Structures are given as C-alpha cells and as structure tokens.
Amino acid sequence: MVRYQDYSLLGHNTFGISAKAKQYIEYSSEAELADIIREMPSEEILLHIGGGSNLLFTSDFEGTVLHSAIQGIEIVDEDENAVLVRVGAGMVWDEFVAYAVQKGWGGVENLSLIPGEVGASAVQNIGAYGVEAKDVITVVEAVELRSGVKRIFGNAECNYAYRQSIFKNALKGAYAITYVTYRLSKHPVLNLSYGGLSKCNPLPATIAEVRQTIIDTRNAKLPDPKVLGNAGSFFMNPVVPREVFERIQKDYPDMPFYDVPDGVKIPAGWMIDQCGWKGKHLGRAGVHDKQALVLVNLGGATSDEIITLCETICRDVQAKFGVSIHPEVNFI
Ligand code: EPU
C-alpha cells in the first residue's frame, strides 16, 4: 500500500490539471482495501479514481483519493466456445485487450487503445467502434467504501446504457470495483459495423488486424495525452427524438447519424465542427483540430478555462441546432 499526504494529482488526470488531494492511497489487494476502510474516519470525503482519463478536477480535493493497483488476469471458466476471464480493476485496460487479442479471444478488440483501467470499463461502460464493455462483462466485484461489504453484481444489475451504469448513477461513488469478469469468444466474429471500420480497404480479417486498424485510427484522430492534455470525448453524443433529427436533416442532409432504440444519435463532434470550433481555442483550452469532440489543454490551462470553453460550445450548439449536449467527462 502507498499513502501520501498533500499529493499532486497532475500525474493522475490526463487533462494535465494541477490539483492536489489532501491524501492519496493506492492499494494492491482486497485485503489492503479492507484495512483502509476499517481505519477511515466516517466523515472523510472519498474519491475513487482509475487512470484519470475521464476526469476534470475543478479544485483541490479536500479528502482521500483512492486508487486500485489490483492486477492479474485469471481464467475462471471455459468451454469450447468461450472463456471467462477475471481481471484486476487496476490493470491498464489496453494491456488486457492486447493480452486477449494475442490469445485469439474475441470481444474487446474494438475497444483497443481506450485509455484508463479495467475498473473504469465497468463504471463508464466504455465503448468504441460498435462495441461496449457491457457486451462482454458478466460479473463485477465491488466493495462498498463505507461498510467494506463486498457485493457481486451480475451484468443486468449494473443497469448498463450508453456511457452509463449503476456505478455512475444510483450507486455513484459508493463502491470500489475490485475485479471484472469478461466473457470472450474462442471463435471471434468480427464487428465491423461502425462507419469508419466498414469502409477499410482491405477489410480487417482477424481480431489482430481489427486491433491494429483501430490503433491507427485512434492515433490519427485522438491526441496523445502525454503530448496534449485531454480526456477523450469531452461530450456524449446526444440522442434526439426523430422529429428533431428530421428538422435538422432538412438543413444538413449530409449529417452523420445512428438510429438507436430511443431516437437518433447525432455525433456531437460533427455539430461542434459545424459551429466552427474545430482547432479553435479560448485561452489555453482548445478544441482538437482532428476531432471536435475532444477538448485539449494547450498547456497550463485551468479547469475554469476548460469549463468556459465547454459552456460556450454547449450554448453555440444549442443556438445552431436546438440540441443540448452534455459532458461525458466527470467534473470533480
Ligand atoms: N465528425 C465531424 N467532425 C469532427 C468529429 C466528428 O464531422 O470534428 C463526424 C465524423 O466524420 C463522423 C461522425 O462525426 O461522421 C462520428 O465521428 P467519430 O467516428 O470520430 O466518432 P464520435 O461519435 O465522435 C464516438 C465515441 C468515441 C469513439 C468513437 C468511435 C462518444 C462520446 N465518443 O465518437 O469514444 O472512439 O465514437 O467509436 O461516444 C471516448 O469516449 O473518449 C471516445 C473517444
């Protein structure tokens, strides 16, 4: 276990915001987490983080930041078709994806290179290229931070939806995820449904080729946080009623869209681009020049500068399209 007081969170948020935590504790096992919970004063404010790739610290954190370093990949069951793998919440997500692809197990290759850790995949229901974590998660093991009681959540109990789960809503901040179990296929069926992937020539033919194609696409579009601070997509893609979509489509016949069960999903990045924001900035907070959905720290930006840019963009999108967009990033 490692424990620091008055600790800089600069290395724990990919936006590169300077903020401090009163205390930071990292644990490597459920037993260490149990010790931490037993000793923690009941009034202490707690924040559990993962890789910090979806966070915006808006001020110093006057409490304890917890981080899991629980590692390991273990096969818990298998048959001729599938394998169930239980993975430590502190494992780097893409290391798990690389391992699965190298073993020839399908299901997570479309989620290649998503920053962050395994625990966050279950909180955030990470998604890309037509696949979401919920499609492969079977079980989430979690410990209630106040009581130390462990609970096993089946997939259905996690209330998964687009970038949503029970851990972001009803149980927000209440549990630390310790292990996630995924069901991977021994006979992978490639999912090339997503626009960009289906247009590749030649089409990827194996999960290793899908992984490489996605790595190349992400590297071309998304800024490397080590070079330019960012938290991936800053906004969620809004789902609008069909009438609203049809009204906008009259003026913008080339607008990209995806039909979803409760309406039509419009890419927020496209709307922000149409508003002329791509590659522009307000102060030291900018809009990425290759993907307008991503806000970037041009160097030393404060959270206030990023919030001002976020609010200005939301206002402009509302004024131009009559659609509200909302941050995907968690403001702390
Ligand atoms: N577009 C523009 N201009 C832009 C950005 C996008 O015209 O500046 C258009 C694109 O041409 C395309 C459409 O909008 O027609 C969608 O763009 P893209 O394929 O880049 O995907 P996205 O909807 O903007 C989502 C996820 C990404 C994920 C990609 C690929 C959300 C909030 N974002 O982005 O996830 O990688 O699809 O599946 O759902 C993340 O969550 O951090 C993230 C990067």
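The chain you are looking at has 8 helices and 20 strands. Keep in mind that this is a predicted model. Let's work through some exercises together.

**Exercise 1. The overall form**

Task: Work out how the radius of gyration of the chain compares with that of a compact globule of 332 residues.

Solution: 
- Step 1: For 332 residues, a compact globule would have a radius of gyration near 20 Å.
- Step 2: Compare it with the chain. The chain has 20 Å, so the two agree.
- Step 3: Along the principal axes, the C-alpha atoms fill a box of roughly 60 × 50 × 35 Å.
- Step 4: Look at burial too. Of the 332 residues, 48% count as buried.

**Exercise 2. Around the ligand**

Task: Find out which parts of the chain supply the shell around the ligand, and describe the shell by class.

Solution: 
- Step 1: Begin with the residues. The ligand is surrounded by 23 residues, and the closest are Tyr-129, Tyr-162, Arg-163, Asp-273 and Gln-291.
- Step 2: Move to the elements. At least two shell residues come from each of strand S8 (127-128), helix H5 (207-221), strand S13 (229-233) and helix H7 (268-274). The largest share, 3 residues, comes from H7.
- Step 3: Go up to the domains. Domain 2 (73-185) and domain 3 (223-331) each give at least three residues to the shell.
- Step 4: Sort by class. The shell holds 11 nonpolar, 6 polar and 6 charged residues.

**Exercise 3. Oxygen atoms of the ligand**

Task: For Tyr-129, Gln-291 and Ala-292, decide whether backbone or side chain lies by an oxygen atom of the ligand, and give the distance.

Solution: 
- Step 1: Take Tyr-129. A backbone N or O atom of Tyr-129 is 2.6 Å from a ligand oxygen atom.
- Step 2: Take Gln-291. Here an N or O atom of the side chain is 2.9 Å from an oxygen atom of the ligand.
- Step 3: Take Ala-292. A polar backbone atom of Ala-292 lies 2.8 Å from a ligand oxygen atom.
- Step 4: Finish with the surface. The ligand taken alone exposes 820 Å², and the protein buries 82% of that.

**Exercise 4. Backbone angles**

Task: Then find the residues joined by a cis peptide bond.

Solution: 
- Step 1: Check the accessibility of Asp-6. Exposed means over 50%. Asp-6 has 52% relative accessibility, so Asp-6 counts as exposed.
- Step 2: With a relative accessible area of 47%, Asn-159 is partly exposed.
- Step 3: The cis peptide bond runs from Asn-201 to Pro-202, with omega near 0°. Pro-202 is in the loop between helix H4 (195-198) and H5.

**Exercise 5. Two histidines**

Task: Are His-67 and His-12 buried or exposed, and which polar contacts do the side chains of His-67 and His-12 make?

Solution: 
- Step 1: Recall the cut-off. Buried means under 20% relative accessible area.
- Step 2: His-67, in strand S5 (residues 61-68), has 8% relative accessibility and therefore counts as buried.
- Step 3: The side chains of His-67 and Tyr-24 are joined by a polar contact of 3.4 Å. A polar atom of the His-67 side chain also lies 3.4 Å from the backbone oxygen of Gly-50.
- Step 4: His-12 is in the loop between S1 and strand S2 (20-27). At 13% relative accessibility, His-12 counts as buried. Its side chain makes a polar contact of 2.9 Å with the side chain of Tyr-7.

**Exercise 6. Sequence and space**

Task: How many residues apart in sequence are Gly-232 and Asn-54, and what is the C-alpha to C-alpha distance in space?

Solution: 
- Step 1: Gly-232 lies in strand S13 and, at 21% relative accessibility, counts as partly exposed.
- Step 2: Compare the two separations. Gly-232 and Asn-54 are 178 residues apart in sequence, and their C-alpha atoms are 7.2 Å apart in space.

Methods. Residues are numbered from 1 along each chain as its sequence is written. This is a predicted model: local features need pLDDT of at least 70, side-chain atom pairs count only at pLDDT 80 or more; totals for chains, interfaces and linings use all residues. Side-chain values use heavy atoms; hydrogens and water are left out. A residue is near a molecule or strand if one of its heavy atoms lies within 4 Å of it. A polar contact is a pair of N or O atoms within 3.5 Å; within protein, one must be able to donate a hydrogen and the other to accept it, and residues adjacent in sequence count only if both atoms are side-chain atoms. Accessible areas come from the Shrake-Rupley method with a 1.4 Å probe; for residues, only the protein chains shown count as cover. Helices (H or I, at least four residues) and strands (E, at least two) are DSSP runs, numbered from the N terminus. Ala, Val, Leu, Ile, Met, Phe, Trp, Tyr, Cys and Pro count as nonpolar, Asp, Glu, Lys and Arg as charged, and the others, Gly among them, as polar. Domain bounds come from an automatic or database domain assignment. The radius of gyration is taken over C-alpha atoms; the globule rule is 2.2 Å times the number of residues to the power 0.38. Buried means under 20% relative accessible area, exposed over 50%, partly exposed in between (1.4 Å probe, protein chains only).
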